[in-house]
Amino acid sequence: QISSLVRRAALTQNDNHFNYEKAHNFKVHTFRGPHWCEYCANFMWGLIAQGVRCSDCGLNVHKQCSKYVPNDCQPDLKRIKRVYCCDLTTLVKAHNTPRPMVVDSCIREIEARGLKSEGLYRVSGFTEHIEDVKMAFDRDGDKADISANMYPDINIIAGALKLYFRDLPIPVITYDTYSKFIDAAKISNPDERLEAIHEVLMLLPAAHYETLRYLMIHLKKVTLHEKENFMNAENLGIVFGPTLMRPPEDSTLATLNDMRYQKLIVQILIENEDVLF
C-alpha cells in the first residue's frame with residue numbers, strides 16, 4: 001500500500017508536466033548538408049546514413065552516441081501523425097496530459113449519458129461509426145465531436161474506447177508484465193493474490209499505470225449501475241481482459257488458455273480499485 005501511495009504522490013506532483021520516462025525512437029537518417037551530433041557536439045561524417053534521428057522528437061545523434069542518450073524523449077506534436085495506434089507514453093507526452101485524451105473524452109461522454117445503458121461495453125456499436133470516431137480523434141485530437149448530436153448511440157463511443165486500447169502497439173498491461181499478472185491471477189489465496197497483483201501494477205510504466213487506474217475507477221462506476229446496465233465486474237472482465245492485455249507471443253493457444261485469468265485480473269482490478277491504486 002505504501003508503494004502505491006508513493007506512486008500516486010509522484011503522479012500528482014507531475015500533474016503540470018507529465019515527465020513520464022520515454023526512450024527515444026531512433027531511426028538511421030541521411031542528413032543533407034553538414035550536421036553535428038546533439039549528444040557529443042562532434043561533426044557527423046559521411047555522405048549517407050551519417051547518424052540517427054528520433055522520429056518522435058527529432059533529436060539527431062551519432063549511432064554510437066544513441067546508446068548513451070537518456071530516456072528523456074519529449075515528443076513533438078508535429079511529428080505525431082495520429083492518436084490511435086500510437087504508443088501510449090508517446091501520445092501523453094506529446095499532448096502533455098496524464099492519460100490519452102481519447103480515454104478522458106470517451107469516459108466523460110459515457111459517464112454523462114451512458115452508465116445506465118443496457119449491456120454497456122458488451123453491445124457493439126456500428127463498426128463504420130466507430131471508425132468515424134477513430135478518424136475524428138486522429139484528425140481533430142481533443143477537439144473531436146463525440147457528443148449525442150453526432151453519435152446518439154453510446155455504444156459507438158464505448159466501441160471507440162475499446163478500439164483505442166486494442167490498437168495500442170504495447171497494451172495498457174504491457175507485454176513485459178503480462179506473464180507476471182497471469183501468474184498472480186493463478187494464486188488461490190485471495191489476500192496473497194491481491195498483494196501479488198499490486199506488486200506487478202508497480203512495474204507498469206507511469207502512463208500505463210495512470211491510464212489503467214483511471215479506467216478502473218470508471219468501470220467501478222459502471223458496476224454501481226448494474227441493475228440498469230446488467231454489467232458487473234465479471235462481465236466487464238470478459239470484455240476488457242483481452243482488450244487490455246495480450247500475450248507477448250501471438251499464440252492462439254496461449255490466448256485461449258489465459259482468457260479466464262485475463263478476465264479475473266480485470267475483475268479483481270475493478271472490485272479492488274480503491275485498494276490497488
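Asp140 is partly exposed, with 31% of relative accessible area; the classes used here are buried for under 20%, exposed for over 50% and partly exposed in between, with a 1.4 Å probe and protein chains only. The side chain of Asp140 meets that of Arg139 in a salt bridge with an N to O distance of 3.3 Å, where a salt bridge is a side-chain nitrogen of Lys or Arg within 4 Å of a carboxyl oxygen of Asp or Glu. Arg139 counts as exposed, at 58% relative accessibility.

The structure is a predicted model, in which local features need pLDDT of at least 70 and side-chain atom pairs count only at pLDDT 80 or more, while totals for chains, interfaces and linings use all residues. Residues are numbered from 1 along each chain as its sequence is written, and side-chain values use heavy atoms, with hydrogens and water left out.

Side chains of opposite charge can pair when their charged atoms come close. Across the whole structure, a search finds twelve salt bridges. One of them joins Arg99 to Glu210, with the closest N and O atoms 2.5 Å apart. Arg99 lies in the loop between helix 2 (88-95) and helix 3 (101-113), and Glu210 in helix 8, so the pair ties together parts 111 residues apart in sequence. Helices are DSSP runs of H or I with at least four residues, strands are runs of E with at least two, and both are numbered from the N terminus. Both Arg99 and Glu210 are buried. Another pair is Lys221 with Glu111, whose closest N and O atoms are 3.2 Å apart. Here too distant parts of the chain are linked, since Lys221 belongs to helix 8 and Glu111 to helix 3, 110 residues apart. Lys221 counts as partly exposed at 35% relative accessibility, and Glu111 counts as partly exposed at 25%. Salt bridges with shared partners join Arg99, Asp104, Glu210 and Arg213 into one network.

Helix 8 (residues 206-223) also contains Thr211. This residue is buried, its relative accessible area being 1%. Neighbours within four places in sequence set aside, Thr211 is in contact (heavy atoms within 4.5 Å) with Leu88, Arg99, Pro100, Val103 and Phe165.

A helix pair comes next. Helix 7 (residues 190-201) and helix 11 (residues 252-271) pack at an angle of about 90 degrees, their axes 11 Å apart. Axes are lines fitted to C-alpha atoms, for helices over the stretch in contact, and angles run from 0 to 180 degrees between N-to-C directions. The two helices are therefore roughly perpendicular to each other, a class that spans 65 to 115 degrees, with under 35 roughly parallel, over 145 roughly antiparallel and the rest oblique. Helix 7 contributes Arg193, Leu194, Ile197 and Leu201 to the contact, and helix 11 contributes Leu264, Ile265, Ile268 and Leu269. Seven of these residues are nonpolar, none is polar and one is charged.

Turning to the backbone, Ala41 has a phi near 65 degrees, a positive value in a residue other than glycine. Ala41 is found in the loop between strand 1 (26-29) and strand 2 (51-54), and at 57% relative accessibility Ala41 counts as exposed. Phe230, likewise not a glycine, has a positive phi of about 60 degrees. Phe230 lies in the loop between helix 9 (226-229) and helix 10 (233-244) and counts as partly exposed at 44% relative accessibility.

Terms used
Ala, Val, Leu, Ile, Met, Phe, Trp, Tyr, Cys and Pro count as nonpolar, Asp, Glu, Lys and Arg as charged, and the others, Gly among them, as polar.
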